[in-house]
Structures are given as structure tokens and as C-alpha cells.
Amino acid sequence: MKNIYSQGWELCLETQFLQENRCRKRAYICSPLRSACTSEVLLNMRAARAYMFYAAVQLGYLTRAPHACLPMLLCDMNPAERKIALSFGLALLECSDVMLVCGDRISEGMADEIARAAALGLEIHVFHGVIYPAVKHIVEEQGGDTRKVFFNRGHFRLALPAAEICAWAYASADRLASEG
């Protein structure tokens with residue numbers, strides 16, 4: 001599979017909503033953010049951006065992941081600011097067409113987002129086989145329609161843990177920049 005990440009891929013991602021083609025489906029990226037150490041939170045933010053770009057280019061979605069940027073503006077450790085971030089994220093989820101569950105684990109925050117997506121009746125696409133049953137279970141617990149939960153083997157890059165998707169995305173772009 002050709003690597004889609006090249007120098008300037010983040011700029012392309014930043015401008016996706018400024019383009020004329022707004023008829024594409026909007027995808028909410030559900031992936032881990034919280035971690036015990038700052039370096040892992042930063043890694044998870046970068047991974048969210050890499051998942052967004054992949055889903056935009058390979059799946060054709062307009063993508064959104066509030067946790068890819070909001071931690072730069074709001075402190076997750078401050079309860080009032082965390083509440084603002086969570087509220088904003090849920091508002092974005094409500095105006096999304098589909099949820100993409102990325103990575104190789106489900107965090108507590110992701111479980112809440114999945115439950116909300118189920119309550120909204122959104123399609124939920126899961127890319128990692130180990131977490132697929134857990135997502136279906138969350139949807140079922142919420143009284144959601146488990147037939148709207150899909151396991152997608154075709155885009156395994158969206159199942160990669162944060163360190164691996166970042167290594168693939170950022171190392172490729174850095175390598176291309178140094179060659180240019």
C-alpha cells in the first residue's frame with residue numbers, strides 16, 4: 001500500500017473544511033487521548049490527526065477529532081475546561097454522519113462517545129478485531145442497533161496504536177522533507 005503521508009499532509013488536513021465539496025459524509029474520529037504522561041497525550045493527539053488524514057484521503061470523509069487540537073487550548077486536568085472540551089466533542093459528534101473507532105484500545109472517554117453515537121443511531125466502523133466485540137457490547141448496553149456496528153478489515157492502518165500510526169505518518173513526511 002502506497003504511503004499517503006507526504007510533506008505538507010497536515011496542511012491538507014487543516015484545509016479540508018475550507019474546500020467547496022461539503023457534500024461528503026462527516027466522520028467523527030474516536031481514538032484515545034488521556035494517558036499518564038504528557039508525551040503519550042501528545043502522541044495520541046498526533047495519532048488523531050494521522051487517523052483523520054487517512055480517513056479523509058482513503059475513505060473520502062470530512063473528518064473531525066476534537067482531541068487532535070483541543071488539548072492545545074483547554075487543560076484536560078482542569079474540570080471546567082475538560083467539561084467544555086467534552087461538550088464540544090459531543091456537539092461535533094451530533095452533527096457527524098458516522099463514527100470511526102481507531103486504534104487498538106477503548107478508553108473511558110471513547111466508551112462514552114461510542115455510547116452517545118449509539119444513542120444517535122450513527123453507523124460505527126471499527127478497524128481492530130479485538131475491540132470490535134467491546135464496541136458492539138457498548139452499543140447493545142445503550143439499546144442501540146448493533147447492526148450499525150461494522151468491522152472494517154480493509155483499512156488496517158486505522159487499527160494501529162498511536163505510536164505506529166505516528167511512526168508511519170510523521171516519519172514518512174519527515175523523510176520526504178529531508179530528501180527534498
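Helix α3 passes helix α4 in a right-handed crossing, the near helix being turned clockwise from the far one by less than a right angle. Helices (H or I, at least four residues) and strands (E, at least two) are DSSP runs, numbered from the N terminus. This is a predicted model, in which local features need pLDDT of at least 70 and side-chain atom pairs count only at pLDDT 80 or more, while totals for chains, interfaces and linings use all residues. Residues are numbered from 1 along each chain as its sequence is written, and side-chain values use heavy atoms, with hydrogens and water left out.

**Helices α3 and α4**
- The axes of α3 (residues 79–94) and α4 (residues 108–120) come within 10 Å and cross at roughly 35 degrees; axes are lines fitted to C-alpha atoms, for helices over the stretch in contact, and angles run from 0 to 180 degrees between N-to-C directions.
- Leu 90, Leu 93 and Glu 94 of α3 meet Glu 113, Arg 116, Ala 117 and Leu 120 of α4, contact being heavy atoms within 4.5 Å.
- The residues of this contact divide into four nonpolar, no polar and three charged (Ala, Val, Leu, Ile, Met, Phe, Trp, Tyr, Cys and Pro count as nonpolar, Asp, Glu, Lys and Arg as charged, and the others, Gly among them, as polar).

**The sheet**
- Five strands in the order β2-β1-β3-β4-β5 make an open sheet with parallel pairing; two strands pair if DSSP finds at least two bridges between them.
- At the edges are β2 (62–64) and β5 (149–151), each pairing on one side only.
- From one strand to the next, the twist averages 25 degrees.
- Three parallel bridges join β1 (residues 26–30) to β2, and Tyr 28 has Arg 64 in β2 as its bridge partner.

**Helix α2**
- Helix α2 (residues 38–59) packs on the sheet, where it touches β1, β2 and β3 (98–101), and its direction makes about 165 degrees with that of β2.
- The end C-alpha atoms of α2 are 31 Å apart, which agrees with the 32 Å that its 22 residues should span at 1.5 Å a residue (the expected span is 1.5 Å times one less than the number of residues).
- After α2 comes Gly 60, with a positive phi near 80 degrees.

**Tyr 132**
- Tyr 132 lies in helix α5 (residues 132–141).
- Leaving aside residues up to four places away in sequence, Tyr 132 touches Val 126, Val 149, Phe 150 and Phe 151.
- Between Tyr 132 and Phe 150 there are 8.1 Å, C-alpha to C-alpha, and they are 18 residues apart in sequence.

**Salt bridges**
- The count comes to four salt bridges, each a side-chain nitrogen of Lys or Arg within 4 Å of a carboxyl oxygen of Asp or Glu.
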